[in-house]
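Subject: Structure handover

Hello,

Here is the structure I promised to pass on. Please open it first, then read the notes below it.

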Amino acid sequence: MTSYPQRTARGHRKLTLSLAVSAVLLSSLATAQTPIVKPGAPGAASRVMTADEAVTVAESSYSPADVRFMQDMIPHHHQATLMADLVKDRTNNPMLVDLADRINGSQADEIAFMQEWLAERGEDVPDPSDHHAMHMHHDMAGMATPAQMASLEAAEGTDFDRLFLELMIRHHDGAITMVEDLMEQDGSAYDPVLFEFTNDITNDQAVEIERMNTLLVGLSEDPRSNLAAGVFDAEQAISNLELVASLRKPAGFFDPANPAERGARALDEEDAERREADAETEDDETGERSQTIAKDAENRRRPMLSFANTDLAFRDDVMVAGNYHGFNVYRLQEDGVPDLTASVVCPGGQGDVSIVGDLLFMSAQETRGRLDCGLEGVSEKISQDRFRGLRIFDISDLAMPTQVGAVQTCRGSHTHSVVSGPGEDGIITVYNSGTSQVRDEEELEGCIGDIAGDERTALFRIDVIEVPVNDPAAARIVDSPRVFADAQSGVAAGLWRGGDHGEGTQETRRTDQCHDITVFPEGNIAAGACSGNGIIFDITDPAAPTRIDVVNDKGFAYWHSATFNNDGTKVLFTDEWGGGSRARCRAWDPLTWGANAIYDIVDGKLEFRSHFKMPAPQMESENCVAHNGSIIPVPGRDIFVQAWYQGGISVIDFTDSSNPVEIAYFDRGPYFADEIITGGFWSAYWYRNHIYGTEIVRGLDVLELLPSEHLSENEIAAAKLADQGELFNPQQQFRVSWPAAPAVALAYLDQLGRGDGLPDDMQAKVRDALVRAQTAMDKGTGDEELARALGTMADRLGGVETAAAHARTIEGLSTTLAGIAERLRG
């Protein structure tokens with residue numbers, strides 16, 4: 001590899017020659033010019049300058065910011081060499097030793113270049129071995145503290161490997177941050193040699209971070225880390241779940257020539273520049289990539305038609321799977337496995353679905369969507385054939401759904417929420433959330449974009465849609481309330497305006513729309529995940545939602561979705577950092593970014609309790625971030641099943657809001673080891689005793705919970721007895737109830753036993769009585785004596801002294817015992 005000073009020497013000579021020629025030309029013209037005047041401070045005299053002096057003052061080939069960058073980067077690079085020097089005596093990992101050798105070589109080479117660059121310009125050149133200077137700079141981006149360096153020096157073996165990689169990844173990422181900060185300065189990196197150098201730092205450090213993440217993932221003890229890749233044969237890891245069935249996408253919903261929807265590069269013979277870039281993807285000396293997986297993905301072009309699976313909705317034994325290309329209708333068999341009934345092709349993007357009776361609603365947002373569900377798309381800028389909004393289908397004949405209504409909206413429909421109805425007036429109320437650009441007013445009247453001072457803008461609103469059941473074609477937007485407006489001034493942009501929250505915090509999208517609004521009708525509340533904020537609304541009047549409370553989070557990039565617990569006393573928000581298409585579960589990614597944020601609702605206010613993120617580190621080729629999930633109805637506990645795209649599926653217990661715990665998971669390896677595509681689980685929902693996961697590329701998965709130290713057989717049985725109604729829509733939550741059954745009481749009893757919430761002798765008596773009660777119920781006979789005993793036990797539970805954490809469980813057990821007693825008397 002050519003050293004950096006040698007590689008740039010020719011550039012230096014060209015630049016010096018160019019400046020010299022310019023100086024000569026200016027000097028020769030000086031005598032013919034009028035005086036060059038330099039004014040002084042106010043009140044001070046002006047003076048005449050020579051042309052040479054003027055050129056010197058106007059020197060712009062480099063800036064003060066460039067100098068500071070180079071002076072700071074020298075000790076920054078030097079610390080990397082100090083860390084690398086520790087490797088050979090503290091590990092026998094050959095890949096780490098090789099990595100350290102490369103770091104030492106490249107960083108030393110670049111330090112020499114930076115010293116030369118500064119010296120040639122007469123600037124101060126830091127001595128990288130000056131320990132005082134190193135101490136003064138340890139607070140720069142990515143720099144390890146003295147304490148961290150001491151810990152690294154003291155570590156050995158695998159502990160050293162892990163700490164070295166963690167610190168070095170952070171160090172390299174800090175160098176990239178320093179480049180980004182430099183580029184934000186006006187006039188910086190104008191020097192072409194310096195500009196090339198900064199580009200090299202960004203690319204080379206990013207590639208090396210990718211390599212180090214692979215090594216760090218390999219050190220993880222989590223079975224989900226480093227799974228083998230494959231589109232349909234990837235390696236799997238599963239814990240406390242059983243994979244019941246996997247169904248591929250039906251015909252017509254994937255491209256047989258490209259089932260994974262991989263991006264394409266330009267053909268070599270058609271694009272010489274692309275051919276050169278492809279050649280540089282492999283490093284000649286190391287055989288490793290010289291371009292990151294993420295950068296490679298940016299250089300690919302994607303097919304116009306997308307067949308991505310999206311969200312799920314259920315009614316009775318019907319399951320509808322949304323897709324960017326339309327939707328698929330399934331019947332759930334007795335074993336829970338879906339059986340395909342019909343495939344409906346209606347492109348338009350997103351494809352999130354909800355069901356009310358015989359009506360199905362589907363969101364469409366892309367500009368290619370057509371009102372007639374045509375496959376040819378829409379290419380014109382303005383077209384009356386284009387459809388962006390809420391589609392309405394009649395699914396009374398599951399084998400032949402028909403489109404019966406379509407509500408055009410200014411920003412399309414990314415998601416929607418069925419809020420209420422049909423009531424006595426036969427009206428269904430739906431909230432529409434559009435997140436795309438505002439369409440042209442010429443195409444749809446009243447659609448005003450982001451025009452400063454124009455309060456008619458379609459931004460900063462949600463749409464309230466009313467759908468008459470008997471005439472869905474008459475569905476319309478009845479209002480678009482400004483739910484983000486400032487309470488005092490009325491300014492529409494009243495919440496988070498976008499940007500970060502200070503040093504080391506997330507860059508967060510501004511709040512001009514909600515991504516998801518989850519309604520909890522029984523509590524007359526809704527939770528909005530609204531790009532820059534989490535919000536709870538009062539929906540007592542469904543047509544006029546009002547804001548109750550609003551929060552933000554320094555670690556959130558994009559508030560994506562919200563789920564209540566069964567009591568409506570907690571909200572779990574998700575952060576879709578990276579938009580769902582980026583690797584955000586890497587070994588070095590913060591566990592508070594791209595995570596869940598759990599809030600308790602106390603006196604109408606959201607009170608933060610904790611974050612939770614899927615803990616298994618993932619590869620650079622796996623898009624992974626928090627996404628959609630639902631409550632699993634285990635009585636007495638708050639349990640959530642969640643999709644993490646290619647991070648798989650997690651089951652989380654957040655009964656203790658401040659201490660969420662993962663209790664089960666399922667994951668596959670990436671589609672490709674060295675290429676990232678948008679895939680993995682879009683949604684994971686509990687319905688009728690099973691977990692259904694819609695997988696963007698592969699199809700559908702059906703899973704079942706297994707007993708474990710985290711979840712007893714009785715708790716799973718009780719969840720299967722839960723009455724969650726005969727309807728499940730993704731953003732519409734109803735309170736679940738449980739029958740007075742022994743399995744439910746035993747579930748509460750198992751929880752109390754696990755947490756020492758009830759004396760052992762009382763537990764034994766209650767358990768024995770419940771076994772007898774189950775026997776009597778199975779026989780269909782009553783038992784008055786047993787009923788009295790259970791009633792007495794229920795009464796006595798009220799007087800048991802136990803920790804506050806068990807109060808909810810004690811109350812549930814008491815109520816269930818009393819209900820069982822009533823059944824035995826009947």
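Let me start with a proline. Pro 422 sits in the loop between S13 and S14. Helices (H or I, at least four residues) and strands (E, at least two) are DSSP runs, numbered from the N terminus. The peptide bond that runs from Gly 421 to Pro 422 is cis, with omega near 0°.

Some ground rules. This is a predicted model, where local features need pLDDT of at least 70, side-chain atom pairs count only at pLDDT 80 or more, and totals for chains, interfaces and linings use all residues. Residues are numbered from 1 along each chain as its sequence is written, and side-chain values use heavy atoms, with hydrogens and water left out.

Another backbone point is Glu 261. Its phi is positive, about 55°, although Glu 261 is not a glycine. Look for Glu 261 in the loop between strand S4 (241-248) and helix H9 (272-280).

Now the disulfides. The structure holds four of them (a disulfide being a pair of cysteine sulfur atoms within 2.5 Å). One of them joins Cys 410 and Cys 447, with the sulfur atoms 2.2 Å apart. This pair links distant parts of the chain, 37 residues apart. Cys 410 is in the loop between strand S12 (402-408) and strand S13 (415-420). Cys 447 is in the loop between strand S14 (427-433) and strand S15 (463-468). The S-S torsion of Cys 410 and Cys 447 is about -90°, so this disulfide is left-handed.

On to domains, with bounds from an automatic or database domain assignment. Domain 1 covers 34-55 + 251-263 + 296-408, domain 2 covers 64-212 and domain 3 covers 742-825. The centres of domain 2 and domain 3, taken over C-alpha atoms, are 64 Å apart.

Next, helix packing. Axes are lines fitted to C-alpha atoms, for helices over the stretch in contact, and angles run from 0 to 180 degrees between N-to-C directions.

Helix H14 (residues 784-797) packs on helix H15 (residues 807-825) at about 160°, with the axes 8 Å apart. By class, the contact of H14 with H15 has 13 nonpolar, two polar and three charged residues. Here Ala, Val, Leu, Ile, Met, Phe, Trp, Tyr, Cys and Pro count as nonpolar, Asp, Glu, Lys and Arg as charged, and the others, Gly among them, as polar.

H14 also meets helix H13 (residues 760-779), where the axes come within 11 Å and cross at roughly 145°. On the H14 side, the contact uses Leu 786, Leu 790, Met 793 and Leu 797. Among the H13 residues are Met 762, Val 766 and Leu 770. The contact of H13 with H14 has nine nonpolar, no polar and two charged residues.

Last, helix H3 (residues 64-85) and helix H8 (residues 192-219). Their axes come within 12 Å and cross at roughly 35°. Phe 69 and Met 73 of H3 and Phe 197 and Ile 201 of H8 are among the residues in contact.

Best wishes

Methods:
Contact = heavy atoms within 4.5 Å.
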